[in-house]
Amino acid sequence: MPMVSKPFTPMTLGPLTLKNRFIKAATFEGVMPRGQVTDALIDFHTEVARGGAAMTTVAYCAISPGGRVHRDTVILNAETVPALRRLTDAVHREQALVCAQIGHAGLVANTLSNRAPSLAPSTRISAPSMGLVKAATPEQLDAVVDQFGAAARHAVEAGFDAVEIHMGHGYLLSSFFSPNLNKRSDRFGGSTAGRAELARRVAERVRGEVGQSIAVTAKFNMDDGVRRGFWLTDSLPTAKLLQADGHLDALQLTGGSSLQNPMYYFRGDVPLDEFIASQPKLVGLGLRVLGPRLFKTYPFEEAFFLPLARQFREALTMPLILLGGVNELATVQEALDEGFEFVAMARALLRDPALVNRFADGSATAGLCVHCMKCMPTVYSGTRCVVRG
């Protein structure tokens, strides 16, 4: 029998067996007007599934109206289950698995678009929210835990094989981790363990709702990329707490903040002109003034999160998913050799959804993405690679 290279060997993820080590990372698709599950959304994921990825991730599925990024975000509830079942069935016909990223946007939620208030660990002004977001009460946080559980239950009903709890990028659970954003003195603040309390309760509830019927993972910030933010001194102990709790099947390691430092988890040139053009005139004017401060420039490097992720691989025994600038087959092989169980790819599969198949048949050893970042502003009109068309 010919030997199959490690990237194309099957691997377990909780109750699942993935046919290879490639996962399509969550990329907001931008084709859900008023939260509808459209044919364009289904096509987005079936194309990736057809292209060879073992699992694709639907992003972003809010747990509540107030938890949406904006009004054009899917809410994972009883009403959307039948339409989402069309999506999961379509992906399964392509011999791939499908994951739902579930979360609450917190300080990243556009409250004007949602016409609903959002929540934060501590009261503060939020630019994405267009105003003041008040600190959540303990009763509101109890409701959030319930809403995560309900969303996970609906994910099973909709035919998803996995859920990914969003614990990154300044969204609600991530903001509770952050000493920069969380100034609470109750059980949800103070120490590293206190700031991890909400996320741990959510993971426990989600697992309790789904049992072993589907995999449960989390997108987890290693570093907010912000002064006095969540960094290794907090993130490594928090990851150990999540591992010890035993409710998660894997962590997908990320960093940066949609609220405070979005380019930290993208890397590359800032497409500021395209961002301005994609916005209403007044917002565009604000971006022209504030954009250079908000969008810092970080040069692109292959596998840019790998140095941070190695700290987690050394400290943890649970499965880990490497994310961040993975474009080359050699990088995938290196990550697996270092003990990561899977790699997650986003922009590389926007540019070429069939890249995994091309890796497998030997027609490619690297993706075609040029890291221009001009895909970022397309989230407002249908996420796509502008080079690909």
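User: Okay, start with Pro237. Leaving aside neighbours within four places in sequence, what is it in contact with?
Analyst: Pro237 is in contact with Thr192 and Leu232, once neighbours within four places in sequence are set aside. Keep in mind that this is a predicted model.

User: Switching topic: what about the nonpolar core, how many residues are in the largest one?
Analyst: The largest nonpolar core has 114 residues. Those with the most contacts inside it are Ile102, Ile165, Met167, Phe220, Leu251 and Phe312.

User: Pick Leu251. Which residues does Leu251 touch, leaving out those within four places in sequence?
Analyst: Ala218, Phe220, Ala239, Leu242, Leu316, Met318, Pro319, Leu320 and Ile321 are its contacts. There's also a second, separate core of 16 residues, and Leu16, Ala162, Ala215 and Phe342 are included in it.

User: Now the holes. How many cavities of 30 Å³ or more are there?
Analyst: Two. The largest cavity holds about 110 Å³ of space. It is lined by 14 residues, and the closest to its centre are Cys369, Cys372, Met373, Cys375 and Cys385.

User: What's the class make-up of that lining in the largest cavity?
Analyst: Nine nonpolar, one polar and four charged residues.

User: And the second largest cavity, which residues line it?
Analyst: Ile23, Met55, Thr57, Cys99, Glu164, Thr217, Gln252 and Ile321. The space in the second largest cavity is about 40 Å³, and its lining divides into four nonpolar, three polar and one charged.

User: Nice link. On to Asn327: where is it found?
Analyst: Asn327 sits in the loop between strand E12 (320–323) and helix H11 (329–337).

User: Is Asn327 buried or exposed, and why?
Analyst: Buried, because its relative accessibility is 7%, and buried means under 20%.

User: Which backbone oxygen does the side chain of Asn327 reach?
Analyst: That of Gly325, at 3.2 Å. As for Gly284, its C-alpha is separated from that of Asn327 by 32 Å, and the two are 43 residues apart along the chain.

User: Last stop, a couple of serines. Where does Ser178 lie, and what is it in contact with?
Analyst: Ser178 is in the loop between helix H5 (172–177) and helix H6 (192–210). Leaving aside neighbours within four places in sequence, it is in contact with Arg195, Asp224, Gly229 and Phe230. Ser178 counts as buried because its relative accessibility is 0%.

User: And Ser64, buried or exposed?
Analyst: Buried, with a relative accessible area of 8%. Ser64 lies in the loop between strand E4 (55–62) and strand E5 (74–75). Beyond its neighbours within four places in sequence, Ser64 is in contact with Ile75, His104 and Gln147.

Notes: Residues are numbered from 1 along each chain as its sequence is written. This is a predicted model: local features need pLDDT of at least 70, side-chain atom pairs count only at pLDDT 80 or more; totals for chains, interfaces and linings use all residues. Side-chain values use heavy atoms; hydrogens and water are left out. Helices (H or I, at least four residues) and strands (E, at least two) are DSSP runs, numbered from the N terminus. Buried means under 20% relative accessible area, exposed over 50%, partly exposed in between (1.4 Å probe, protein chains only). A polar contact is a pair of N or O atoms within 3.5 Å; within protein, one must be able to donate a hydrogen and the other to accept it, and residues adjacent in sequence count only if both atoms are side-chain atoms. On a 1 Å grid over the protein atoms alone, a cavity is a set of points where a 1.4 Å probe fits but cannot get out, and a pocket is an open set with protein on both sides within 12 Å along at least five of seven lines; lining residues have an atom within 4 Å of a point. Grid points are joined across faces, edges and corners, and a volume is the space filled by probe spheres set on the points. Ala, Val, Leu, Ile, Met, Phe, Trp, Tyr, Cys and Pro count as nonpolar, Asp, Glu, Lys and Arg as charged, and the others, Gly among them, as polar. Contact means heavy atoms within 4.5 Å. A nonpolar core is a set of buried Ala, Val, Leu, Ile, Met, Phe, Trp, Tyr and Cys residues joined through side-chain atoms within 4.5 Å.
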